There are 2 protein chains.
Amino acid sequence: MASTEVNNNQVILKDYITGMPKLSHMLLKSTKLPLQLKDGSQDVLAKNLYLSCDPYMRGCMRNLPSYFTPIFTPGSVINGYGVAKVVISNHPDFKEDDLVMGITGWEEYSIIPGGNQLQKIRYTDIPLSYYLGILGMPGLTAYVGFYDLSSPKAGEKVFISAASGAVGQLVGQFAKMHGCYVVGSAGSKQKVELLKDRLGFDDAFNYKEELDLHATLKRYFPNGIDIYFENVGSKMLEAVLENMNLHGRIAACGMISEYNLEEGQGIRNISRVISKRIKIQGFIIHDYWHMYPQFVEKVRGSIKEGKIVYVEDIADGLENAPAAFVGLFEGKNIGKQVVRICDE
Amino acid sequence: MASTEVNNNQVILKDYITGMPKLSHMLLKSTKLPLQLKDGSQDVLAKNLYLSCDPYMRGCMRNLPSYFTPIFTPGSVINGYGVAKVVISNHPDFKEDDLVMGITGWEEYSIIPGGNQLQKIRYTDIPLSYYLGILGMPGLTAYVGFYDLSSPKAGEKVFISAASGAVGQLVGQFAKMHGCYVVGSAGSKQKVELLKDRLGFDDAFNYKEELDLHATLKRYFPNGIDIYFENVGSKMLEAVLENMNLHGRIAACGMISEYNLEEGQGIRNISRVISKRIKIQGFIIHDYWHMYPQFVEKVRGSIKEGKIVYVEDIADGLENAPAAFVGLFEGKNIGKQVVRICDE
């Protein structure tokens, strides 16, 4: 008996790219997918509900070893984090109608080989899109980077770049809950207001309006920075190194300003790590998924009690996914960029 | 009654300097010193036996906050680590003829205010000059940086720059004793031979003969570097970042190539710390003196048993101290640079 076949629109990466991602680098392709799985496999076929736009994906678009996901294949569908509903499952941990989070494709339906790294969504009293943000990879990134790698103490001074983004907004709120003084930088007046008015940062500034970041940081941190949560790199990192306190800690999970450069910009004052006894710890959240269940339990309560808020920027429809992704690198998104594919 | 007065030659720093240190930046001055101490003080007056030439001292010669010692005062005597014999002591912990190690002046006799940070030398069955090297600040630096900050495991691949220097030669020997594979870089054929033939490094190369440090490191570490002991900075650090393994550790206690630059050279690939989950830990040995007694007990045995060797470059006479110091930045010294002032 022939299996049912569904329409499956996909977003395809045309070729490896250099420089800023553009709409013309991607195309929407209409395909068909038989609703069936290979016998003997542990594959899962799921219908995508939400897809995530994350800066790390830029690193998968060039022909160089990438952060932690395999690089994309030119001519093939883009992949990234998604929330999906299981249609058919050959995997013992998942069954039809289960809601799951994990690496899926930028398409309407995805086959996840072996159910690889899928996480079952246990709590549906929280918006499903949150599993791509506060309860997903960015949330765990903020949690591990702040609590685990930055050894924070109440009263310490915390600076966060790209602070209104998917990760930064959470680091700031964690730091406030921990009793720290928190300042964030972002790229527009609107984002700065968001940080101060909705996200509870002590202060915030628009880095695009600052001519001398060193002096800017001196102004916001007259007594220096103890913890820097690094999301941007290059000139900001250089200015931060000048303003760090002794024994300062830098947790680095991203350097978005460097992703589109063929050769990173030079950090000219790296020797400050010695004179100031600074620790720079790079990390990839991939290494910390074992902490995910503990993390969800901890953060879920704070969300429900309204102690943490989360700002999302939701684009509607797979056809708008490329623009949403390109927008990340232009700073267009306000908060975590998500694409809604269809309702549950 | 008038106290005895002694001749006290001194090496004076004429003024703050820019660029490479030169002989003309220092002058030898003949002074007199009364052999007496302020009543009510805890000062110690000591006769200097050995003085140490250390790269960090360059940082004290400019009008900028320095590593950890106060910056030098133009027109005044240079200070640094020394081994000395107590002549008069107002401090309860020290008495006449005690041998001590600590910060003294580049002069024949020094008054150490309050006996500040002096360490009594307990074991004299080891050359006294060793207390400026293997049993002094460089030794403790190597010990803390390797065992404490680099989390070494047997079988790991360790790279050491400035490897024949006061610190590097010890890191290499510690790493070998720990079961690691060890390669060092140095600036001459003679130093490379020293590393391989006397200090037991698995391999070594002359960085001055290498056109492409990235390729060089790839050749010596086809499977990557796990631990880098950073003594030089700039281009070497950049090449190391390209060749580090996942979860690599960089202990940074010095970046000698950057000390004479007004503005450090750019490290253009700092984002590798993220993709490779690298930890860079800057440190200053000042924070670890509490480990000194434990360190001496551990290392002393290895010296006496011949398990660790230590290579020194000893200049004779205070008048040759400026040239010895200048030579550090020209790579002239073979091993730890010390100046002998007089015999015990």
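Good morning. The same surface serves both copies, as 100% of the contact residues of chain B recur in chain A; contact means heavy atoms within 4.5 Å. This is a predicted model, in which local features need pLDDT of at least 70, side-chain atom pairs count only at pLDDT 80 or more, and totals for chains, interfaces and linings use all residues. Residues are numbered from 1 along each chain as its sequence is written, chains are lettered from A and ligands numbered from 1 in the order in which they are written, and side-chain values use heavy atoms, without hydrogens and water.

I turn now to strand S11 of chain A, residues 225-230. Strands are DSSP runs of E with at least two residues, and helices are runs of H or I with at least four, numbered from the N terminus. Six of the six residues of S11(A) are buried, so this strand is largely enclosed by the rest of the structure; buried means under 20% relative accessible area with a 1.4 Å probe, protein chains only.

Which strands pair with S11(A)? Pairing requires at least two DSSP bridges. Strand S8 of chain A, residues 157-160, runs parallel to S11(A) and is joined to it by three bridges, with A:Val158 opposite A:Ile227. Five bridges join S11(A) to the parallel strand S12 of chain A, residues 244-252, where A:Met244 stands opposite A:Ile225.

Note on methods. Buried < 20%, exposed > 50% of the residue type's maximum accessible area, 1.4 Å probe, protein only.
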